[in-house]
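Good morning, everyone. Please bring up the model on your screens, and let's walk through it together.

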Amino acid sequence: MTEERVPLIELKNITKVFPGVKALSEVCFTLFPGEVHSLCGENGAGKSTLIKVMTGAHQADGGEYFIDGKPVHISSTQEGIALGVSCVYQELSIAPQLDVAKNLYIGNLPMKGKLIDHKKLYHDAADILSQLGMEISPKTIAGDLSVGQQQMIEIGRALTRNARCIIMDEPTSSLSEAETETLFKIIGILQERGIAIIYISHKLDEVMQLSDRITVIRDGQNVITMNTADATQESLITNMLGRALDTMYDKQDIPFGDTVLEVKNLTSPGVFEDISFDVRAGETVGFFGLVGAGRSEIMRAIFGVDKYTEGSVAICGKPLKPNNPSAAIDAGIGFCTEDRKKEGLMLKLSILLNMTLVKLPEISKLGVIDRKKQKQLGDHYVNAISIKTPSLMQLVGNLSGGNQQKVVVAKWLMMDPKLLIVDEPTRGIDVGSKAEIYSLLTELAKQGVAVIVVSSEIEEILGTCDRVITICEGKKTADYQVEGLEPETVLAAALGHAEYKWEGGDKA
Amino acid sequence: MSKLKEGWKKFLTLNGASMFVAMVVIIILFEIVMQLTKTTSGLVFMTPGNLLGILRQQAYIGIIAFGLTLVMITGNIDLSVGSMLTMLCCVCAKFMMSTDNGFLGFFGTIAIGAVCGLLNGVLVSHVKLNSFITTLGTSSIFTALALKISAGTVLVIPNDCSPFFQFMGTAALGPIHILIIWLVIVAVVLGLLLSRTVFGQQLYSIGSNPVAARFSGIKSKRNICISYVITGACCGLAAAVMMANALSSNPQNASGKEMEIILCVVLGGVSVTGGKGSVWGTIIGVMFYGVLSAGFTQLNLSIYLQWVIMGAIMVAALSMDVLKEKGVRLWKKK
């Protein structure tokens, strides 16, 4: 790598601030033509934000952005594409009803006067497909292609726009091994043509195999940029983590009671496979895995909002009806979901109704709500977990993230759950509320509630849980006691590099 | 004094309060216009008799609008209410003509209405069809059935039919006609159902966020279905009362009623996307619509022009609703 070459893309001290959060702070990044440069970091480290700044989806609040050594200001993704920066996102944006050629040239169709030039369209499309080494007709309907082929079409689309830098965000997350190999071949072809690739993946072996250089970011800051030859998977993991545990956790020794939740061989094809574990009263079990590993899906299946094909779930020894959330609630499961706005709250409705929604049948006679009781309950919980609001009738949509989360938690606390599942309980909330939520979880465990914490933050798991189960690509890869556990071990297991340290669950 | 001010502020934030104020203003405007064109002295439009008459005219539409409020709060719609009303009128007339059993004529019609609502409800909630398209389809079925039952002619119930049946549509309590009493009864029952019961509160949560409602263990299918059944039963009640009052049914006379009913509900502040609104708001919507249409008629405005104005008001009300959803403010808040 000769450093005199002009970098294709150069970012200098990029800073991006979202309300309350500094997503990027003085990040530097360079990309040379024909280079594969991997970007590594934990979930929420700032990778996506950095990419969005590069493509123009976000605008940096500080720092400089150069393309070919010239300063640029990209204010939309269209401008980014015009300058040669294209991104292939994790979620594909294929129009399944259209054919391959139209998908390749969507938004950019060759014209003859006011009409589409179909002859040129199919000719050019065939040309692009052969460049990608794909043996399919440009008239194939895109929806009939495999996911891998659809991804190639996305890459092809970037080529039709004369992209010089293609960003690939977790491109292999839904590809088979054969398809992954094809993708790697294509990356090789693109490289030879001088196209630079920014490659983002949680799969470290892919990163090591493909890239020329690797940049690790953490907490929105550069940690290190190194040549792949100098890097090892261990050094990457250490750099991705590299933080000490906080003191905001309030973990206490709580004696465990009887088994509350028993999950056996739970399977949903393509999502998760053969998941077995149990949780005892007073115990807190963490589920760790990377985004898309299938952790939330397992919880959704247990709670009954998703279906599963095999296996069983039992609460306190009694089998639970599958695919029936109201049966799960009756059995005593509470579920604070990952996406509180989509799955947890009615933003247009009052705090009081949101909090008491699950409890309503209990505080009513013949279907008529006891409004006095409802209000008492509301007042009690607003004080007990200090939700900051002028009134119970305030709409939930007007609250801050932390207070919204507390409303969700209150909703499930009210029903006196036997098992409480919390999925990413502290996502997007401030430090103060975080600590409050952690101590709340400890308090619950003390009362004999079985708690499951799903999280992408290792510290959170290690700080709150007694045990941690790691999930990688839908499979349980490890089940560790937390005491004395190193974060690196957990991350390695979640990345699928566990030295199968199977401890046989907690059946002591 | 400040207490009065506060009470006023509280009133204005109530659902439909601004519509109420607008309605009062319009009543006064009509009065002024009529004073200018008429030569007789004294009030013309603002008399208690006239206003009660307006309410009485609105009874049928109002009863159904209250039911539809429940459906629309869940984020669905029922476009078949107009044709359902027509068909149920024919059914009621047939009952009375063939049996002269007042109980069957009255309660049987309500029951058949509930069954029609159940059909809509099952299709929308269990088969998961889009409510707009589904009820457009069933609307066509009901219209055809109405024509089939009546053979396309006006059905007339004999004057000497069951006194119980006639009582249900013609009695009066002093100056208050029984139609108004029906309107009030349905409003109170459904109003309390919506605001005070678990079922009612769950309807709001379904309309506000169906996914979160599922995650809260709410049986959305059952609740949506019941709201359609209630709307159907309201149609049945409206049909029975209408027949008891008029004793004749014209298979064409309720066509287009669904638009008026939906207009009343939307004017009353029910959000078309669901989760917002109340029966109290719909009452205001019903009165507002009644005042406008009565005023226009008393001013001898051509019926076509009335339709144009009503259509424009409907579009405006829906636009306001959508803009509010998007958070666009037409005027600045203090």
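Let's begin in chain B. Helix α6 (residues 102-126) of chain B packs against helix α8 (residues 163-170) of chain B. The angle is about 50°, and the axes are 7 Å apart. An axis here is a line fitted to C-alpha atoms, for helices over the stretch in contact, and angles run from 0 to 180 degrees between N-to-C directions. Helices (H or I, at least four residues) and strands (E, at least two) are DSSP runs, numbered from the N terminus. So α6(B) and α8(B) are oblique to each other. On that scale, under 35 degrees is roughly parallel, over 145 roughly antiparallel, 65 to 115 roughly perpendicular, and the rest oblique.

Before going further, a word on the source. This is a predicted model, where local features need pLDDT of at least 70, side-chain atom pairs count only at pLDDT 80 or more, and totals for chains, interfaces and linings use all residues. Residues are numbered from 1 along each chain as its sequence is written, while chains are lettered from A and ligands numbered from 1 in the order in which they are written.

Back to our pair. Which residues of α6(B) and α8(B) meet? From α6(B) come B:G102, B:F103, B:G105 and B:F106. From α8(B) come B:F164, B:F165 and B:M168. Contact means that C-beta atoms, placed from the backbone, lie within 7 Å. By class, this contact has five nonpolar, two polar and no charged residues. The classes are simple: Ala, Val, Leu, Ile, Met, Phe, Trp, Tyr, Cys and Pro are nonpolar, Asp, Glu, Lys and Arg are charged, and the others, Gly among them, are polar.

Next pair, still in chain B. Helix α4 (residues 59-73) of chain B meets helix α14 (residues 279-298) of chain B at about 145°, with axes 10 Å apart. Their crossing is right-handed. On the α4(B) side, the contact uses B:I61, B:G62, B:A65, B:F66 and B:T69. On the α14(B) side, look for B:V279, B:T282, B:G285 and B:V286. The classes here are five nonpolar, four polar and no charged residues.

Now, burial. A residue is buried if 20 or more other C-beta atoms lie within 10 Å of its own, exposed if 12 or fewer, and partly exposed in between, with C-beta atoms placed from the backbone. Take helix α10 (residues 198-208) of chain B. There, 11 of the 11 residues are buried, so the helix is largely enclosed by the rest of the structure. Among them are B:F199, B:L203 and B:Y204.

Helix α13 (residues 257-267) of chain B is mostly covered, with 10 of its 11 residues buried. The buried ones include B:K257, B:E258 and B:E260. After α13(B) comes B:G269, with a positive phi near 95°.

B:G82 lies in helix α5 (residues 81-99) of chain B. B:G82 is buried, with 24 other C-beta atoms within 10 Å.

Over to chain A. Which residues of helix α8 (residues 233-241) of chain A are buried? They are A:L236, A:I237 and A:M240. Seen down the axis of α8(A), they fall within an arc of 95°, so they line one face of the helix. The arc is that of the directions from the helix axis to the C-beta atoms. An α-helix has 3.6 residues a turn, so residues three or four places apart point the same way. What covers the buried residues of α8(A) includes β3 (36-40) and α17 (487-494) of chain A.

A:E26, in strand β2 (residues 21-31) of chain A, has a positive phi near 50°. A:E26 is partly exposed, with 14 C-beta neighbours inside 10 Å. A:D68 sits in the loop between β4 (62-67) and β5 (70-71) of chain A. Its phi is positive too, near 55°. Most residues other than glycine have a negative phi.

Last stop: where the chains touch. The contact takes 22 residues from chain A and 18 residues from chain B. On the chain A side, α10 (325-331), α11 (340-344) and β20 (368-369) of chain A give two or more residues. By class, that side has 14 nonpolar, five polar and three charged residues.

Notes: Contact = placed C-beta atoms within 7 Å. Left-handed = near helix turned anticlockwise from the far one by under 90°.
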